[in-house]
Amino acid sequence: MRLAIGRAGRPGEQPRGRAHGRRWRARLPHVLPVHRDPPPPRPSGARPCQPSQRGSAGAADFCHDGSVPLLRTLSGLTVLAVCLAGCGGTAGGDSAAPTPQFVDPAATTAATTPAAAQASVVPTSPSASAANGVARTRPPSPRPTVSRAPKKVVKYVFPVKASNVDWHTTHSKYKATDIFADCGKPVVAATSGVVLEISLTDKYVKGSPDGPNNGGLSVSLLGDDGVRYYGSHLSKVQTGIKKGVRVTAGQQIGKVGRTGNANNVCHLHYGISPPCAKVGDWKVRRGVVWPYSYLASWRKGGAKSPVAEVAAWKRSHNCKA
């Protein structure tokens, strides 16, 4: 049983301080009276009992004149100890105060910290993430989409529009070919491009050495593929065809003839070359690669391109024929 006595004898409050404890103990006999047996008759000649100097609540108040029985003294002290022990306890509790325990701060922190919080912190900067091999906490920004223009398809057309044609696999002195067809048959642009130069007058003199006039009437075209296409010995250059004019594949640019040094034979001299000087470089313009395989492809509706072979010749010859 516990008994809590506060100030002025009010229950529910703990006594505080030594002075208060003394006042509380002074009231103890009135709150919890102790049963005492009536004193035995005083023997004759016995010394009278001296009153206690501490007041009525002291231990001397439990003694009598003469010899005091030991059992009574122990009983009174036991009751006092029980009361003091009960008042020193915590109000409202039924068990003794817990024994203090020393706890390791590091262990407590590790036990109470969530597992997610104990995980290593991932660097947020892109450079630190790349250096440590750790995935970035934020998703990378999407890269801008670069739209690429579709690869342009180059169309090729056989340069003479006729049902009865023939051409040689080789040519004398340089790499070109002669396409034989009836005079007046349409000559068309083999591919889309721009006209580089034309010749509208036949200036060739029979027996003169090779030169820029050997072709008679002619048209030189720079294709969109970067290759130059040259046709000569024409009987006519089509009206509207002049330098700088753009033409499309299959567009008529003249007619088959026998001008220049054609030896009075209707045919189209055809040469393929890189546009080194574009104009005036007649030795390159007349042809530097064999056209036969490309003409055979175009005749069947194919699209074999001379671009790679022409570029290789230019690198190896530096535009010198």
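Which cysteine does a disulfide join to cysteine 183?

Modeller: This is a predicted model, in which local features need pLDDT of at least 70 and side-chain atom pairs count only at pLDDT 80 or more, while totals for chains, interfaces and linings use all residues. Residues are numbered from 1 along each chain as its sequence is written, and side-chain values use heavy atoms, with hydrogens and water left out.

The partner of cysteine 183 is cysteine 266, at an S to S distance of 1.5 Å. A disulfide here is a pair of cysteine sulfur atoms within 2.5 Å. The link of cysteine 183 and cysteine 266 is left-handed, with -95 degrees about the S-S bond. Cysteine 183 sits in the loop between strand E2 (177-180) and strand E3 (186-188), and cysteine 266 in the loop between E8 and E9, so the bond ties together parts 83 residues apart in sequence. Helices (H or I, at least four residues) and strands (E, at least two) are DSSP runs, numbered from the N terminus. Cysteine 183 has a relative accessible area of 37% and is partly exposed; buried means under 20%, exposed over 50%, and partly exposed in between (1.4 Å probe, protein chains only).

By this rule there are 2 disulfides. The other pair is cysteine 276 and cysteine 319, with sulfur atoms 2.0 Å apart. Their link is also left-handed, at -80 degrees about the S-S bond. Cysteine 276 is in the loop between E9 and helix H6 (282-285) and cysteine 319 in the segment after H8, 43 residues apart. Cysteine 276 is partly exposed at 27% relative accessibility, and cysteine 319 is partly exposed at 24%. With the bonded cysteines numbered in sequence order, the pairing is 1-2, 3-4.
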